[in-house]
Amino acid sequence: MIELQGQTALVVGPRDAVSVAIAERLSAAGAAVRAAIPLSTVPAGKHAAGIDYVVGSSEGPYTTYVFDDSYPETIHGDMTALGPVDIAIIAPSWYGDQLFLKSTPEDWESAFTQNYEKAVYIAQAVARPMIDLGNGGRIILLSTVAAMLPFIQLSAYGASLAALRALAKMIAVDLGPHRITANVVAQGWVETERNAPHLTPEGREYIEAGIPLKRVGRPQDIANVCLFLASDLAAYVTGAVIPVDGGFMLTQSDGETLFPPGKIAI
Amino acid sequence: MRKMRLKGKVALVTGAANARSIGWGIAEALADEGADVVVNDVAMADELDARASALHAKGVRALPIVADVANRAQVDAMIAQTVSELGRLDIVASNAGIIRWERFLDITPARMRQIIRVNVLGNVNVCQAAAQQMIAQGDGGRIVMTSSVQSDMQYPITPVYGGTKHAMHIFVGALALELAPYNITVNHIGPGWVRSALNDPAPDQQTPEDLEAQRLAVPLRRDGKISEMGRAVVYFASDDGAYTTGAFLRIDGGLGISKYKI
């Protein structure tokens, strides 16, 4: 059993099946978990800003906040106000699929602002108390196989998350002496709301044919690797990228066939 | 003796105003093989004029164009002027880039924005506008981007620069796949230590001792020449590189498989 008793964890990112699974998994392992949802990813009018604002009812043993991600200063302020943590897991806020020739400068602007720049601010904010407290720390960046291999529909998404590999290496090198590790989890196909339109019976069959383990990933698969990286078992792992994709990257040989044909117009 | 492999081709090189820049090394190398060359930079109009004159002296057509690659309207105008005055666009060396030095905890939003603006959005604008022109022309094209040995090798005092260069593998790869049906190849070069104007302010290369330590950190024991970067671009741009796409070529004296001086 992996034990995180006495540890505090922060899961930052839009609320989705993966972030919920991670929060639940770390909580079940004994960590005190805070989930922080960027305000920009909350449907308009649904919630007010404020880091004390609890989303819905308290979900089980972890607390959810909405934080103001409008500016670097507000991100830094709200992250700091949430208090020091031992473990921080940072998920991207922007997704887009479009051919490069159909992408707009705004797509690229959003991709890098939401997926890379914000991750830098959040990582800086959580790292400083880790250094001051001197107990080490774990920073885990959620990424995608599209940041490891090129896909024509995912150039902006993939490129913005490829930059996170550099961030993980950077933190690993600079903060290693403080026993702070930084690693990347590259997700493949996962059962999420976003992927649901592709996962019709025919779509699922198409996708699973290209995955050696013959199934789409579950949010728990991602959460389990995050748990490993957060735990003592991964104390000597830093600057690494761990694909959690059922082997998908190994068989994807044609960039045009990422999505099942016919379902989503690009 | 040059084989004039690029005679009749029109090339655009961004970030080429400074005579000690990789962009200029690329422009000269392309012109030496017979290409007509547009030299671009965000400012330095007088320098661009001087570069264009030097290219004229090689017997090719040359055009200086000032444009901010992060400004899409200016990039579109630059491509339009290129086509209007030189007839077509065959080769683009999307080379313009900036660098800042600081450690991870000292990254500021303003500096990060500057780097992403030029190194990411600048490449997007130039490559998109150029690709659209090449597709309209209908007989292929060559796009070569300047990334860096830092596409794979993370250097501690250039965190954001390194981030934008790590992103280049995906950017170049995705473009290579998408533009292949149009016979447009897309590749990137990875310079290592080049004593270009860009690197003059590098805080760890200011003393003779620093420079000597840097030199010894390179397996081939010297800095790279801008002409060497240029000749790699010639490979990708010429018929020699017709079957190469989505590739990354380090021209770094072996630095990428060695260790930085710390």
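Author: Glu191(A) is partly exposed, at 29% relative accessibility; buried stands for under 20% relative accessible area, exposed for over 50%, and partly exposed for what lies in between, using a 1.4 Å probe and protein chains only. This is a predicted model, in which local features need pLDDT of at least 70 and side-chain atom pairs count only at pLDDT 80 or more, while totals for chains, interfaces and linings use all residues. Residues are numbered from 1 along each chain as its sequence is written, chains are lettered from A and ligands numbered from 1 in the order in which they are written, and side-chain values use heavy atoms, with hydrogens and water left out.

The partner of Glu191(A) is Arg204(A), and the two side chains meet in a salt bridge at 2.6 Å, N to O. The term requires a side-chain nitrogen of Lys or Arg within 4 Å of a carboxyl oxygen of Asp or Glu. Glu191(A) is in the loop between strand E6 (180-187) and helix H5 (201-209) of chain A and Arg204(A) is in helix H5, so the bridge ties together parts 13 residues apart in sequence. Helices (H or I, at least four residues) and strands (E, at least two) are DSSP runs numbered from the N terminus. Arg204(A) is also partly exposed, with a relative accessible area of 25%.

In chain B, Glu33(B) forms a salt bridge with Arg5(B), with 3.1 Å between the closest N and O atoms. Glu33(B) is in the loop between helix H1 (22-32) and strand E2 (36-41), and Arg5(B) in the segment before strand E1 (10-13), 28 residues apart. Glu33(B) is buried at 1% relative accessibility, whereas Arg5(B) is partly exposed at 27%.

Another bridge of chain B joins Arg117(B) and Asp68(B), whose closest N and O atoms are 2.8 Å apart. Arg117(B) belongs to helix H4 (residues 109-137) and Asp68(B) to the loop between strand E3 (62-66) and helix H3 (72-86), 49 residues apart. Arg117(B) is partly exposed, with a relative accessible area of 34%; Asp68(B), at 15%, is buried. Elsewhere, shared partners join Arg5(B), Glu33(B), Arg231(B) and Asp240(B) into one network of salt bridges.

Over all chains there are 23 salt bridges. Three salt bridges are found across the interface of chain A and chain B. Arg103(B) forms a salt bridge with Asp174(A), the closest N and O atoms being 2.7 Å apart.
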